[in-house]
Amino acid sequence: MVWLVMTIAAITWLDFSDTTYKVVVKTSDEKGAGTDANVYVRLFGENGDSGDLHLKDSATNKDPFEKNQEDEFTIPEVLSLGELVKCRVWHDSKGENTWVR
């Protein structure tokens, strides 16, 4: 069962020192999908990793990670990780429903 689909895009400015990452999360429409927990992501690239990033301020929805909802998060001014190779997503199990297993 798919609970989460994540899209990550990087926007590198002309000086190549800082990069803004856009993370888009699509929460499933399955029963029990969605969470009120604090959700985190760590991006891994050719040049290292981002460290733990809290996905809390959705640009598209006031209450992120609800059932059948797409949330967009902007992570500004991160040193360029180069080509992204993986990401890790997790939450702290607080609140109701926990879709990351």
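What follows is a short talk about the labels used for this predicted model.

Student: How many helices and strands does the protein chain have?
Tutor: It has zero helices and seven strands. Along the sequence the pattern reads β-β-β-β-β-β-β.

Student: What share of the protein chain is buried?
Tutor: Buried residues make up 34% of its 101 residues.

Student: Why is Ser50 called buried?
Tutor: The cut-off for buried is under 20% relative accessible area. Ser50 has 19% relative accessibility, so Ser50 counts as buried.

Student: Where does Ser50 lie, and which residues is it in contact with beyond its neighbours within four places in sequence?
Tutor: Ser50 sits in the loop between strand S4 (48-49) and strand S5 (53-55). Those neighbours aside, its contacts are Arg42, Leu43 and Leu81.

Student: Is Phe65 buried or exposed, and how do you know?
Tutor: Buried means under 20%. Phe65 has 2% relative accessibility, so Phe65 is buried. Its place is in the loop between S5 and strand S6 (70-79).

Student: Why is Asn68 called partly exposed?
Tutor: Exposed needs over 50%, buried needs under 20%, and partly exposed is in between. Asn68 has a relative accessible area of 46%, so Asn68 is partly exposed. Asn68 also lies in the loop between S5 and S6.

Student: What makes the phi of Phe65 worth a remark?
Tutor: Most residues other than glycine have a negative phi. Phe65 is not a glycine, yet its phi is positive, about 65°. Asn68 is not a glycine either, and its phi is positive at about 55°.

Student: What do the side chains do along strand S3 (residues 39-45)?
Tutor: They alternate. Val39, Val41, Leu43 and Gly45 point to one face and are buried.

Student: What makes S5 and strand S7 (residues 84-91) partners of S3?
Tutor: The cut-off is again at least two bridges. Three bridges join S3 to S5, so they pair, and they run antiparallel. Seven bridges join S3 to S7, so they pair, also antiparallel.

Student: Which residues stand opposite Val41?
Tutor: Leu53 stands opposite Val41 in S5, and Val89 does in S7.

Terms used: Residues are numbered from 1 along each chain as its sequence is written. This is a predicted model: local features need pLDDT of at least 70, side-chain atom pairs count only at pLDDT 80 or more; totals for chains, interfaces and linings use all residues. Side-chain values use heavy atoms; hydrogens and water are left out. Helices (H or I, at least four residues) and strands (E, at least two) are DSSP runs, numbered from the N terminus. Buried means under 20% relative accessible area, exposed over 50%, partly exposed in between (1.4 Å probe, protein chains only). Contact means heavy atoms within 4.5 Å.
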